[in-house]
Amino acid sequence: MSEPLIRFEQVAKRYPGGVHALEEIDLQLTAGEMVFLTGHSGAGKSTLLKLVALLERPSRGRVLFAGRNVGQLSRRHIPGLRRRIGIVFQDHALLAERRVFDNVALPLVIAGTAFPEIRRRVRAALDQVGLLDKERVYPGMLSAGQQQRVGVARAIVARPSLLLADEPTGNLDPALSAELMRLFMRLNEQGMTILIASHDLTLIRRLGRRVLVLDKGRLIDDVSAAQVGA
Amino acid sequence: MSRPRKRSTASLLVPAWLRSWARRHAYSFLSSLGSISRQPLASFMTIAMLAITLSLPAGLYVTLDNIGRAGHGWERLDSISIFMDESQGREKAIQLASLVSTWPTVSAVDLISPEKGMAELAGRLQLDDVAGEIASNPLPWVLEVTLAAGEDVRLVATRLEDVEGVDQVIVDLQWLDRLQAIVALLRKMAALLAVLFALAVMFVIGNTVRMEINNRHQEIRVLALIGATDGFVRRPFLYSGLWYGLAGGVLAWLLTELGLLLLAGPVERLSASYAGTFALSSLPAGVVALFAGGSGLLGIIGAWLVVERHLKSIHPE
(Lines give C-alpha, C1' and ligand atoms only; values in the text may rest on other atoms or scores of the structure.)
Protein backbone atom coordinates (compact mmCIF):
# COMPACT_ATOMS: atom_id res chain seq x y z
CA MET A 1 0.00 0.00 0.00
CA SER A 2 1.38 3.44 -0.96
CA GLU A 3 2.32 6.09 1.60
CA PRO A 4 -0.65 8.41 2.31
CA LEU A 5 -0.25 11.92 0.94
CA ILE A 6 -2.24 13.38 3.84
CA ARG A 7 -2.76 11.90 7.25
CA PHE A 8 -4.71 13.36 10.18
CA GLU A 9 -4.00 11.82 13.59
CA GLN A 10 -6.39 12.79 16.38
CA VAL A 11 -6.55 16.31 15.04
CA ALA A 12 -8.49 19.00 16.89
CA LYS A 13 -8.81 22.67 16.07
CA ARG A 14 -10.09 25.27 18.47
CA TYR A 15 -10.29 28.93 17.56
CA PRO A 16 -9.75 31.73 20.06
CA GLY A 17 -12.93 32.19 22.04
CA GLY A 18 -13.34 28.45 22.58
CA VAL A 19 -15.00 27.53 19.27
CA HIS A 20 -14.37 23.82 18.60
CA ALA A 21 -14.07 23.60 14.82
CA LEU A 22 -12.72 20.04 14.64
CA GLU A 23 -12.48 17.18 17.15
CA GLU A 24 -10.56 13.88 17.03
CA ILE A 25 -10.18 13.68 13.27
CA ASP A 26 -8.41 10.60 11.93
CA LEU A 27 -8.19 10.22 8.19
CA GLN A 28 -5.83 9.66 5.35
CA LEU A 29 -5.75 10.43 1.64
CA THR A 30 -3.69 8.35 -0.73
CA ALA A 31 -1.94 9.92 -3.70
CA GLY A 32 -4.14 9.80 -6.80
CA GLU A 33 -7.45 9.78 -4.89
CA MET A 34 -10.34 12.13 -5.53
CA VAL A 35 -12.28 12.68 -2.30
CA PHE A 36 -15.28 14.78 -1.40
CA LEU A 37 -15.66 16.42 1.97
CA THR A 38 -19.22 17.20 2.87
CA GLY A 39 -21.37 18.32 5.77
CA HIS A 40 -23.64 21.17 6.81
CA SER A 41 -22.43 24.74 7.12
CA GLY A 42 -20.19 25.02 10.18
CA ALA A 43 -19.43 21.29 10.15
CA GLY A 44 -15.70 22.04 9.86
CA LYS A 45 -15.07 21.48 6.10
CA SER A 46 -13.26 24.78 5.55
CA THR A 47 -11.21 24.36 8.71
CA LEU A 48 -10.12 20.90 7.60
CA LEU A 49 -9.08 22.28 4.20
CA LYS A 50 -7.20 25.13 5.89
CA LEU A 51 -5.28 22.63 8.00
CA VAL A 52 -4.32 20.70 4.87
CA ALA A 53 -3.38 23.92 3.07
CA LEU A 54 -1.21 24.99 6.04
CA LEU A 55 -3.36 28.06 6.55
CA GLU A 56 -4.08 26.94 10.11
CA ARG A 57 -2.19 24.83 12.61
CA PRO A 58 -3.91 22.10 14.63
CA SER A 59 -4.59 22.79 18.30
CA ARG A 60 -3.99 19.12 19.02
CA GLY A 61 -2.91 16.03 17.09
CA ARG A 62 -0.78 15.80 13.95
CA VAL A 63 -1.37 16.70 10.31
CA LEU A 64 1.13 15.00 8.02
CA PHE A 65 1.67 16.07 4.40
CA ALA A 66 3.84 13.62 2.46
CA GLY A 67 5.09 12.30 5.80
CA ARG A 68 5.99 15.73 7.25
CA ASN A 69 4.30 17.02 10.37
CA VAL A 70 3.03 20.40 9.17
CA GLY A 71 2.25 21.53 12.71
CA GLN A 72 5.95 21.64 13.49
CA LEU A 73 7.03 23.45 10.33
CA SER A 74 8.64 26.82 10.84
CA ARG A 75 7.17 29.86 9.10
CA ARG A 76 9.87 29.87 6.45
CA HIS A 77 9.25 26.25 5.43
CA ILE A 78 5.52 26.67 4.89
CA PRO A 79 5.61 28.42 1.45
CA GLY A 80 7.70 25.64 -0.09
CA LEU A 81 5.21 22.99 1.01
CA ARG A 82 2.26 25.18 0.07
CA ARG A 83 3.57 25.42 -3.49
CA ARG A 84 2.94 21.67 -3.75
CA ILE A 85 -0.75 22.36 -3.12
CA GLY A 86 -3.12 23.99 -5.60
CA ILE A 87 -6.11 25.74 -4.08
CA VAL A 88 -9.41 26.61 -5.78
CA PHE A 89 -11.35 29.16 -3.78
CA GLN A 90 -15.11 29.61 -3.70
CA ASP A 91 -14.66 33.35 -4.34
CA HIS A 92 -12.06 32.62 -7.07
CA ALA A 93 -9.53 34.97 -5.34
CA LEU A 94 -8.42 36.41 -8.67
CA LEU A 95 -6.62 39.74 -8.91
CA ALA A 96 -9.01 42.08 -10.70
CA GLU A 97 -6.35 44.44 -12.05
CA ARG A 98 -4.35 41.65 -13.68
CA ARG A 99 -5.16 39.86 -16.88
CA VAL A 100 -6.15 36.19 -16.89
CA PHE A 101 -2.67 35.23 -18.10
CA ASP A 102 -0.98 37.07 -15.22
CA ASN A 103 -3.35 35.59 -12.65
CA VAL A 104 -2.65 32.06 -13.82
CA ALA A 105 1.09 32.75 -14.06
CA LEU A 106 1.42 33.81 -10.39
CA PRO A 107 2.49 30.42 -8.92
CA LEU A 108 5.17 30.12 -11.61
CA VAL A 109 6.38 33.69 -11.07
CA ILE A 110 6.70 32.91 -7.36
CA ALA A 111 8.75 29.84 -8.22
CA GLY A 112 11.08 31.95 -10.38
CA THR A 113 10.23 30.10 -13.60
CA ALA A 114 11.66 31.47 -16.86
CA PHE A 115 9.18 33.46 -18.93
CA PRO A 116 9.10 31.19 -22.00
CA GLU A 117 8.29 28.28 -19.68
CA ILE A 118 5.64 30.38 -17.89
CA ARG A 119 4.01 31.21 -21.23
CA ARG A 120 4.01 27.58 -22.31
CA ARG A 121 2.57 26.24 -19.06
CA VAL A 122 -0.01 29.02 -18.57
CA ARG A 123 -1.33 28.42 -22.07
CA ALA A 124 -1.43 24.69 -21.44
CA ALA A 125 -3.40 25.24 -18.21
CA LEU A 126 -5.79 27.68 -19.89
CA ASP A 127 -6.26 25.23 -22.73
CA GLN A 128 -7.08 22.53 -20.21
CA VAL A 129 -9.87 24.64 -18.70
CA GLY A 130 -11.05 25.84 -22.12
CA LEU A 131 -10.09 29.49 -21.74
CA LEU A 132 -7.07 29.86 -24.00
CA ASP A 133 -8.81 32.63 -25.94
CA LYS A 134 -9.32 34.65 -22.74
CA GLU A 135 -5.70 35.07 -21.66
CA ARG A 136 -5.62 38.82 -22.45
CA VAL A 137 -8.86 39.80 -20.70
CA TYR A 138 -9.38 40.90 -17.11
CA PRO A 139 -11.27 38.61 -14.68
CA GLY A 140 -14.09 41.16 -14.32
CA MET A 141 -14.98 40.61 -17.97
CA LEU A 142 -15.60 36.89 -17.42
CA SER A 143 -18.66 34.99 -16.16
CA ALA A 144 -18.61 33.38 -12.70
CA GLY A 145 -18.02 29.97 -14.26
CA GLN A 146 -15.16 31.25 -16.38
CA GLN A 147 -13.60 32.96 -13.37
CA GLN A 148 -13.80 29.70 -11.46
CA ARG A 149 -12.04 27.93 -14.31
CA VAL A 150 -9.31 30.59 -14.27
CA GLY A 151 -8.95 29.79 -10.56
CA VAL A 152 -8.58 26.11 -11.44
CA ALA A 153 -5.98 26.93 -14.13
CA ARG A 154 -3.98 28.90 -11.57
CA ALA A 155 -4.25 26.03 -9.07
CA ILE A 156 -2.95 23.42 -11.52
CA VAL A 157 -0.40 25.45 -13.53
CA ALA A 158 2.51 24.57 -11.21
CA ARG A 159 1.53 20.86 -11.34
CA PRO A 160 0.84 20.46 -7.60
CA SER A 161 0.63 17.02 -6.03
CA LEU A 162 -2.61 17.98 -4.29
CA LEU A 163 -5.56 20.09 -5.42
CA LEU A 164 -7.90 21.52 -2.79
CA ALA A 165 -11.22 23.06 -3.73
CA ASP A 166 -13.45 24.83 -1.22
CA GLU A 167 -17.07 24.82 -2.46
CA PRO A 168 -15.93 25.31 -6.05
CA THR A 169 -19.47 25.01 -7.41
CA GLY A 170 -21.03 27.23 -4.75
CA ASN A 171 -21.67 30.11 -7.16
CA LEU A 172 -22.26 28.09 -10.31
CA ASP A 173 -25.44 26.82 -11.99
CA PRO A 174 -25.89 23.01 -12.35
CA ALA A 175 -24.52 22.93 -15.91
CA LEU A 176 -21.36 24.84 -14.99
CA SER A 177 -20.98 22.76 -11.82
CA ALA A 178 -21.08 19.58 -13.86
CA GLU A 179 -18.57 21.00 -16.32
CA LEU A 180 -16.19 21.94 -13.51
CA MET A 181 -16.50 18.49 -11.96
CA ARG A 182 -15.69 16.88 -15.31
CA LEU A 183 -12.55 19.01 -15.33
CA PHE A 184 -11.62 17.77 -11.84
CA MET A 185 -12.21 14.18 -12.96
CA ARG A 186 -9.90 14.69 -15.92
CA LEU A 187 -7.19 16.12 -13.66
CA ASN A 188 -7.62 13.20 -11.28
CA GLU A 189 -7.30 10.76 -14.17
CA GLN A 190 -3.97 12.46 -14.93
CA GLY A 191 -2.79 11.49 -11.43
CA MET A 192 -3.60 14.58 -9.36
CA THR A 193 -4.89 14.01 -5.81
CA ILE A 194 -8.01 16.09 -5.26
CA LEU A 195 -9.93 17.01 -2.10
CA ILE A 196 -13.16 18.93 -2.68
CA ALA A 197 -15.33 20.45 0.04
CA SER A 198 -18.92 20.59 -1.16
CA HIS A 199 -22.42 20.34 0.21
CA ASP A 200 -23.91 19.48 -3.21
CA LEU A 201 -24.89 15.88 -2.40
CA THR A 202 -26.57 15.29 -5.76
CA LEU A 203 -23.35 16.08 -7.56
CA ILE A 204 -21.26 14.01 -5.12
CA ARG A 205 -23.51 10.96 -5.50
CA ARG A 206 -23.43 11.21 -9.29
CA LEU A 207 -19.62 11.22 -9.43
CA GLY A 208 -19.25 8.11 -7.26
CA ARG A 209 -16.05 9.00 -5.42
CA ARG A 210 -14.99 8.57 -1.78
CA VAL A 211 -16.87 10.92 0.57
CA LEU A 212 -15.90 12.13 4.04
CA VAL A 213 -18.84 13.38 6.10
CA LEU A 214 -18.30 15.94 8.82
CA ASP A 215 -20.79 16.97 11.46
CA LYS A 216 -20.16 19.44 14.26
CA GLY A 217 -16.41 19.12 13.79
CA ARG A 218 -16.35 15.32 13.88
CA LEU A 219 -15.79 12.88 11.04
CA ILE A 220 -18.97 10.81 11.23
CA ASP A 221 -18.65 8.82 8.02
CA ASP A 222 -16.05 7.77 5.47
CA VAL A 223 -17.88 6.37 2.45
CA SER A 224 -15.75 4.58 -0.12
CA ALA A 225 -16.23 5.09 -3.86
CA ALA A 226 -17.71 1.61 -4.17
CA GLN A 227 -20.32 2.36 -1.49
CA VAL A 228 -21.26 5.67 -3.10
CA GLY A 229 -21.69 4.00 -6.43
CA ALA A 230 -23.82 1.24 -4.96
CA MET B 1 9.21 12.13 -30.24
CA SER B 2 9.87 15.62 -28.94
CA ARG B 3 13.34 17.08 -29.42
CA PRO B 4 15.18 18.24 -26.31
CA ARG B 5 15.01 22.03 -26.02
CA LYS B 6 18.18 24.00 -26.59
CA ARG B 7 19.69 25.65 -23.51
CA SER B 8 21.23 29.08 -23.82
CA THR B 9 24.87 29.74 -22.89
CA ALA B 10 23.71 31.86 -19.93
CA SER B 11 21.58 29.01 -18.60
CA LEU B 12 24.61 26.74 -18.72
CA LEU B 13 26.91 29.20 -16.93
CA VAL B 14 24.55 30.58 -14.26
CA PRO B 15 23.17 28.15 -11.66
CA ALA B 16 19.41 27.53 -11.81
CA TRP B 17 18.77 28.88 -8.30
CA LEU B 18 20.52 32.14 -9.20
CA ARG B 19 18.46 32.53 -12.36
CA SER B 20 15.26 31.92 -10.37
CA TRP B 21 16.38 34.44 -7.77
CA ALA B 22 17.13 37.03 -10.46
CA ARG B 23 13.73 36.45 -12.08
CA ARG B 24 11.93 36.93 -8.78
CA HIS B 25 13.89 40.13 -8.18
CA ALA B 26 13.07 41.35 -11.68
CA TYR B 27 9.39 40.72 -10.94
CA SER B 28 9.58 42.65 -7.64
CA PHE B 29 11.54 45.44 -9.31
CA LEU B 30 8.96 45.90 -12.06
CA SER B 31 6.04 45.37 -9.69
CA SER B 32 7.26 48.20 -7.42
CA LEU B 33 7.76 50.58 -10.34
CA GLY B 34 4.32 49.63 -11.65
CA SER B 35 2.59 50.38 -8.35
CA ILE B 36 4.34 53.77 -8.10
CA SER B 37 3.52 54.72 -11.69
CA ARG B 38 -0.13 53.64 -11.30
CA GLN B 39 -0.58 56.42 -8.72
CA PRO B 40 1.54 59.24 -10.17
CA LEU B 41 0.03 62.09 -8.16
CA ALA B 42 0.17 60.33 -4.78
CA SER B 43 3.71 59.11 -5.53
CA PHE B 44 4.85 62.57 -6.56
CA MET B 45 3.37 64.12 -3.42
CA THR B 46 5.19 61.61 -1.24
CA ILE B 47 8.46 62.22 -3.07
CA ALA B 48 7.98 66.00 -2.87
CA MET B 49 7.29 65.79 0.87
CA LEU B 50 10.42 63.70 1.35
CA ALA B 51 12.45 66.10 -0.79
CA ILE B 52 11.35 69.11 1.24
CA THR B 53 12.06 67.26 4.49
CA LEU B 54 15.51 66.19 3.27
CA SER B 55 16.39 69.54 1.73
CA LEU B 56 16.37 71.17 5.18
CA PRO B 57 19.33 69.19 6.60
CA ALA B 58 21.00 69.27 3.17
CA GLY B 59 20.62 73.04 3.03
CA LEU B 60 21.93 73.41 6.55
CA TYR B 61 24.89 71.18 5.73
CA VAL B 62 25.81 73.14 2.61
CA THR B 63 25.40 76.45 4.47
CA LEU B 64 27.73 75.38 7.26
CA ASP B 65 30.19 73.98 4.76
CA ASN B 66 30.28 77.32 2.97
CA ILE B 67 30.58 79.31 6.21
CA GLY B 68 33.49 77.07 7.19
CA ARG B 69 35.23 77.72 3.86
CA ALA B 70 34.57 81.44 4.09
CA GLY B 71 35.97 81.44 7.64
CA HIS B 72 39.35 80.23 6.36
CA GLY B 73 39.44 83.19 4.00
CA TRP B 74 38.56 85.62 6.75
CA GLU B 75 41.38 84.26 8.91
CA ARG B 76 43.82 85.07 6.12
CA LEU B 77 42.45 88.58 5.73
CA ASP B 78 43.19 89.34 9.37
CA SER B 79 46.00 91.72 9.97
CA ILE B 80 48.17 92.25 13.03
CA SER B 81 48.60 95.74 14.46
CA ILE B 82 52.02 96.36 16.07
CA PHE B 83 52.18 99.40 18.36
CA MET B 84 55.77 100.56 18.79
CA ASP B 85 57.09 101.73 22.10
CA GLU B 86 56.52 105.52 22.51
CA SER B 87 60.25 106.01 22.79
CA GLN B 88 60.84 104.49 19.35
CA GLY B 89 61.02 106.93 16.49
CA ARG B 90 60.69 106.81 12.71
CA GLU B 91 64.09 105.23 12.11
CA LYS B 92 63.38 102.27 14.40
CA ALA B 93 59.88 101.84 12.91
CA ILE B 94 61.30 101.65 9.36
CA GLN B 95 63.97 99.26 10.55
CA LEU B 96 61.37 96.98 12.15
CA ALA B 97 59.11 97.14 9.09
CA SER B 98 62.05 96.09 6.90
CA LEU B 99 62.84 93.21 9.26
CA VAL B 100 59.28 91.88 9.52
CA SER B 101 58.67 92.16 5.78
CA THR B 102 61.49 89.65 5.22
CA TRP B 103 59.70 86.96 7.21
CA PRO B 104 58.22 84.31 4.90
CA THR B 105 55.05 84.28 7.04
CA VAL B 106 54.37 87.92 6.19
CA SER B 107 53.08 89.17 2.86
CA ALA B 108 52.96 92.94 3.50
CA VAL B 109 53.80 95.58 6.11
CA ASP B 110 52.22 99.04 6.17
CA LEU B 111 53.86 101.72 8.24
CA ILE B 112 51.54 104.26 9.91
CA SER B 113 53.11 107.36 11.37
CA PRO B 114 51.67 109.01 14.51
CA GLU B 115 50.46 111.92 12.32
CA LYS B 116 48.70 109.66 9.87
CA GLY B 117 47.23 107.69 12.74
CA MET B 118 45.91 110.87 14.37
CA ALA B 119 44.41 112.03 11.08
CA GLU B 120 42.63 108.68 10.59
CA LEU B 121 41.38 108.71 14.18
CA ALA B 122 40.14 112.27 13.93
CA GLY B 123 38.45 111.47 10.64
CA ARG B 124 36.67 108.43 12.09
CA LEU B 125 35.58 110.36 15.19
CA GLN B 126 34.82 113.51 13.20
CA LEU B 127 37.09 115.51 15.52
CA ASP B 128 39.22 117.28 12.89
CA ASP B 129 39.24 120.56 14.82
CA VAL B 130 40.21 118.95 18.13
CA ALA B 131 43.14 117.06 16.51
CA GLY B 132 44.67 120.31 15.38
CA GLU B 133 44.49 121.73 18.87
CA ILE B 134 46.45 118.89 20.55
CA ALA B 135 49.96 120.13 21.20
CA SER B 136 51.83 116.82 21.18
CA ASN B 137 50.69 113.66 19.32
CA PRO B 138 50.35 110.79 21.88
CA LEU B 139 50.10 108.06 19.21
CA PRO B 140 53.04 105.71 18.55
CA TRP B 141 54.34 104.41 15.24
CA VAL B 142 52.17 101.49 14.08
CA LEU B 143 52.94 98.62 11.73
CA GLU B 144 50.00 96.88 10.00
CA VAL B 145 51.20 93.37 9.15
CA THR B 146 49.33 91.23 6.59
CA LEU B 147 50.12 87.54 6.75
CA ALA B 148 50.90 85.19 3.89
CA ALA B 149 48.10 82.79 2.92
CA GLY B 150 47.51 79.96 5.36
CA GLU B 151 49.75 81.25 8.12
CA ASP B 152 48.71 80.93 11.76
CA VAL B 153 48.05 84.46 12.94
CA ARG B 154 48.54 83.54 16.60
CA LEU B 155 52.05 82.16 16.07
CA VAL B 156 53.18 85.26 14.16
CA ALA B 157 51.69 87.55 16.83
CA THR B 158 53.59 85.72 19.58
CA ARG B 159 56.84 86.08 17.64
CA LEU B 160 56.25 89.80 17.11
CA GLU B 161 55.67 90.35 20.82
CA ASP B 162 59.29 89.33 21.47
CA VAL B 163 60.78 91.85 19.05
CA GLU B 164 62.63 94.72 20.70
CA GLY B 165 60.85 98.09 20.55
CA VAL B 166 57.36 96.54 20.27
CA ASP B 167 54.98 97.75 22.95
CA GLN B 168 51.78 95.91 22.01
CA VAL B 169 50.60 93.43 19.40
CA ILE B 170 46.86 93.42 18.75
CA VAL B 171 45.08 90.63 16.91
CA ASP B 172 41.28 90.79 16.94
CA LEU B 173 40.37 87.17 16.56
CA GLN B 174 37.54 87.21 19.07
CA TRP B 175 34.85 87.67 16.43
CA LEU B 176 36.30 84.75 14.46
CA ASP B 177 36.37 82.56 17.57
CA ARG B 178 32.74 83.44 18.23
CA LEU B 179 31.81 82.65 14.65
CA GLN B 180 33.57 79.29 14.87
CA ALA B 181 31.74 78.52 18.12
CA ILE B 182 28.43 79.37 16.48
CA VAL B 183 29.29 77.20 13.48
CA ALA B 184 30.23 74.32 15.80
CA LEU B 185 26.92 74.71 17.61
CA LEU B 186 25.05 74.79 14.31
CA ARG B 187 26.88 71.65 13.20
CA LYS B 188 25.66 69.83 16.32
CA MET B 189 22.15 71.11 15.68
CA ALA B 190 22.40 69.98 12.06
CA ALA B 191 23.40 66.48 13.20
CA LEU B 192 20.47 66.37 15.61
CA LEU B 193 18.11 67.65 12.94
CA ALA B 194 19.47 65.10 10.48
CA VAL B 195 18.54 62.31 12.90
CA LEU B 196 15.05 63.75 13.38
CA PHE B 197 14.54 64.23 9.65
CA ALA B 198 15.83 60.71 9.00
CA LEU B 199 13.15 59.41 11.35
CA ALA B 200 10.59 61.58 9.56
CA VAL B 201 11.65 60.13 6.20
CA MET B 202 11.32 56.61 7.60
CA PHE B 203 7.83 57.32 8.95
CA VAL B 204 6.64 59.04 5.75
CA ILE B 205 7.83 56.13 3.60
CA GLY B 206 6.51 53.61 6.13
CA ASN B 207 3.10 55.24 6.02
CA THR B 208 3.08 55.37 2.22
CA VAL B 209 3.99 51.69 2.05
CA ARG B 210 1.32 50.91 4.65
CA MET B 211 -1.28 52.52 2.39
CA GLU B 212 0.11 50.58 -0.56
CA ILE B 213 -0.22 47.38 1.46
CA ASN B 214 -3.84 48.24 2.25
CA ASN B 215 -4.50 48.77 -1.46
CA ARG B 216 -2.85 45.47 -2.34
CA HIS B 217 -4.19 43.48 0.59
CA GLN B 218 -6.05 41.01 -1.64
CA GLU B 219 -2.95 40.45 -3.78
CA ILE B 220 -0.81 39.77 -0.69
CA ARG B 221 -3.41 37.33 0.64
CA VAL B 222 -3.53 35.46 -2.67
CA LEU B 223 0.25 35.39 -2.99
CA ALA B 224 0.61 33.97 0.51
CA LEU B 225 -2.08 31.36 -0.20
CA ILE B 226 -0.37 30.09 -3.34
CA GLY B 227 3.01 29.69 -1.71
CA ALA B 228 4.82 33.02 -1.91
CA THR B 229 7.60 33.33 0.64
CA ASP B 230 7.72 36.30 2.99
CA GLY B 231 10.64 37.57 0.94
CA PHE B 232 8.63 37.48 -2.26
CA VAL B 233 5.74 39.38 -0.67
CA ARG B 234 8.09 41.82 1.06
CA ARG B 235 10.41 42.61 -1.83
CA PRO B 236 8.21 44.87 -4.02
CA PHE B 237 7.47 47.03 -0.99
CA LEU B 238 11.16 47.26 -0.10
CA TYR B 239 11.85 48.34 -3.67
CA SER B 240 9.06 50.93 -3.35
CA GLY B 241 10.68 52.23 -0.16
CA LEU B 242 14.02 52.39 -1.96
CA TRP B 243 12.54 54.30 -4.93
CA TYR B 244 10.75 56.79 -2.69
CA GLY B 245 13.90 57.34 -0.61
CA LEU B 246 16.19 57.67 -3.61
CA ALA B 247 13.82 59.94 -5.52
CA GLY B 248 13.27 62.09 -2.40
CA GLY B 249 17.04 62.32 -1.84
CA VAL B 250 17.79 63.26 -5.45
CA LEU B 251 14.98 65.83 -5.56
CA ALA B 252 16.21 67.30 -2.24
CA TRP B 253 19.68 67.62 -3.76
CA LEU B 254 18.22 69.38 -6.80
CA LEU B 255 16.27 71.75 -4.52
CA THR B 256 19.48 72.51 -2.59
CA GLU B 257 21.36 73.19 -5.82
CA LEU B 258 18.53 75.46 -6.97
CA GLY B 259 18.77 77.37 -3.69
CA LEU B 260 22.54 77.73 -4.13
CA LEU B 261 22.04 78.94 -7.68
CA LEU B 262 19.60 81.61 -6.50
CA LEU B 263 21.96 82.75 -3.71
CA ALA B 264 25.21 82.59 -5.71
CA GLY B 265 24.87 86.10 -7.22
CA PRO B 266 24.06 87.98 -3.99
CA VAL B 267 26.80 86.12 -2.07
CA GLU B 268 29.41 86.91 -4.72
CA ARG B 269 28.39 90.59 -4.70
CA LEU B 270 28.66 90.66 -0.90
CA SER B 271 32.08 89.00 -1.05
CA ALA B 272 33.26 91.47 -3.70
CA SER B 273 32.23 94.39 -1.51
CA TYR B 274 34.83 93.13 1.01
CA ALA B 275 37.37 92.69 -1.79
CA GLY B 276 36.92 88.92 -1.59
CA THR B 277 36.37 86.29 -4.26
CA PHE B 278 34.25 83.89 -2.27
CA ALA B 279 31.75 81.77 -4.21
CA LEU B 280 29.21 79.28 -2.88
CA SER B 281 30.13 75.66 -3.45
CA SER B 282 27.73 72.76 -4.09
CA LEU B 283 27.42 69.57 -2.12
CA PRO B 284 30.42 67.34 -2.92
CA ALA B 285 29.62 64.33 -5.13
CA GLY B 286 30.47 61.92 -2.30
CA VAL B 287 28.05 63.67 0.04
CA VAL B 288 25.32 63.63 -2.64
CA ALA B 289 25.82 59.90 -3.16
CA LEU B 290 25.79 59.30 0.61
CA PHE B 291 22.72 61.49 0.97
CA ALA B 292 20.69 59.76 -1.78
CA GLY B 293 21.91 56.32 -0.72
CA GLY B 294 21.13 57.06 2.91
CA SER B 295 17.61 58.19 2.15
CA GLY B 296 17.13 55.10 -0.03
CA LEU B 297 18.27 52.94 2.88
CA LEU B 298 15.89 54.76 5.23
CA GLY B 299 13.12 54.01 2.73
CA ILE B 300 13.97 50.32 2.82
CA ILE B 301 14.01 50.28 6.63
CA GLY B 302 10.69 52.15 6.86
CA ALA B 303 9.07 49.77 4.37
CA TRP B 304 10.56 46.71 6.07
CA LEU B 305 9.11 47.62 9.48
CA VAL B 306 5.61 48.07 8.05
CA VAL B 307 5.65 44.98 5.81
CA GLU B 308 6.99 42.78 8.60
CA ARG B 309 4.12 43.82 10.83
CA HIS B 310 1.63 42.98 8.08
CA LEU B 311 3.24 39.62 7.31
CA LYS B 312 2.95 38.57 10.95
CA SER B 313 -0.78 39.27 10.79
CA ILE B 314 -1.36 36.98 7.77
CA HIS B 315 0.49 33.93 9.06
CA PRO B 316 -1.13 31.21 11.16
CA GLU B 317 0.01 31.19 14.75
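This is a predicted model: local features need pLDDT of at least 70, side-chain atom pairs count only at pLDDT 80 or more; totals for chains, interfaces and linings use all residues.
**View 1. Chain A as a whole, with its helices and strands.** Chain A holds eight helices and ten strands. Its radius of gyration is 17 Å, close to the 17 Å that the globule rule gives for 230 residues, so chain A is as compact as a globular protein of that length. Taken along the principal axes, the box filled by the C-alpha atoms of chain A is roughly 45 × 45 × 40 Å. Of the 230 residues in this chain, 44% count as buried, and among its contacts between residues at least 6 apart in sequence, 68% join residues at least 24 apart.

View 2. A:Glu9 belongs to strand β1 of chain A, which spans residues 4–15. There are 16 C-beta neighbours of A:Glu9 inside 10 Å, and this residue therefore counts as partly exposed, a class that lies between the limits of 12 or fewer for exposed and 20 or more for buried. When neighbours within four places in sequence are left aside, A:Glu9 is in contact with A:Asp26, A:Gly61 and A:Arg62. A:Arg60 is 51 residues from A:Glu9 in sequence, while the C-alpha atoms of the two are 9.1 Å apart in space.

**View 3. The side of chain A that touches chain B.** Here 16 residues of chain A are in contact with 18 residues of chain B. On the chain A side, α2 (78–82) and α3 (100–111) each supply at least two residues, and α3(A) gives the most, with four residues. Divided by class, this side of chain A has ten nonpolar residues, one polar residue and five charged residues.

**View 4. Helix α3 of chain A and what covers it.** Nine of the twelve residues of α3(A) are buried, so this helix is largely enclosed by the rest of the structure. The buried residues are A:Val100, A:Asn103, A:Val104, A:Ala105, A:Leu106, A:Pro107, A:Leu108, A:Val109 and A:Ile110. Their cover draws on both chains, and includes α4 (115–128) and α5 (144–156) of chain A together with α2 (16–38), α9 (217–225) and α10 (230–273) of chain B. After α3(A) comes A:Gly112, which has a positive phi, near 75°.

**View 5. Chain B as the setting for the helix pair that follows.** Chain B has eleven helices and four strands. Of its 317 residues, 26% count as buried. Among contacts in chain B with a separation of 6 or more, 84% are accounted for by residues 24 or more positions apart.

**View 6. The crossing of α8 and α10 in chain B.** The axes of α8(B), which covers residues 174–215, and α10(B) come within 10 Å and cross at roughly 140°, an angle that makes α8(B) oblique to α10(B). The crossing in which α8(B) passes α10(B) is right-handed. From α8(B), the residues B:Val201, B:Ile205, B:Thr208, B:Val209, B:Glu212 and B:Ile213 meet B:Phe237, B:Ser240, B:Gly241, B:Tyr244, B:Gly245 and B:Gly248 in α10(B). By class, the residues of this contact divide into six nonpolar, five polar and one charged. As background for reading the spacing along each helix, an α-helix has 3.6 residues a turn, so residues three or four places apart point the same way.

Note on methods:
Residues are numbered from 1 along each chain as its sequence is written. Chains are lettered from A and ligands numbered from 1 in the order in which they are written. The radius of gyration is taken over C-alpha atoms; the globule rule is 2.2 Å times the number of residues to the power 0.38. Two residues are in contact if their C-beta atoms, placed from the backbone, lie within 7 Å. Ala, Val, Leu, Ile, Met, Phe, Trp, Tyr, Cys and Pro count as nonpolar, Asp, Glu, Lys and Arg as charged, and the others, Gly among them, as polar. Axes are lines fitted to C-alpha atoms, for helices over the stretch in contact, and angles run from 0 to 180 degrees between N-to-C directions. Angles under 35 degrees count as roughly parallel, over 145 as roughly antiparallel, 65 to 115 as roughly perpendicular and the rest as oblique. A crossing is left-handed if the near helix is turned anticlockwise from the far one by less than a right angle, and right-handed if clockwise.
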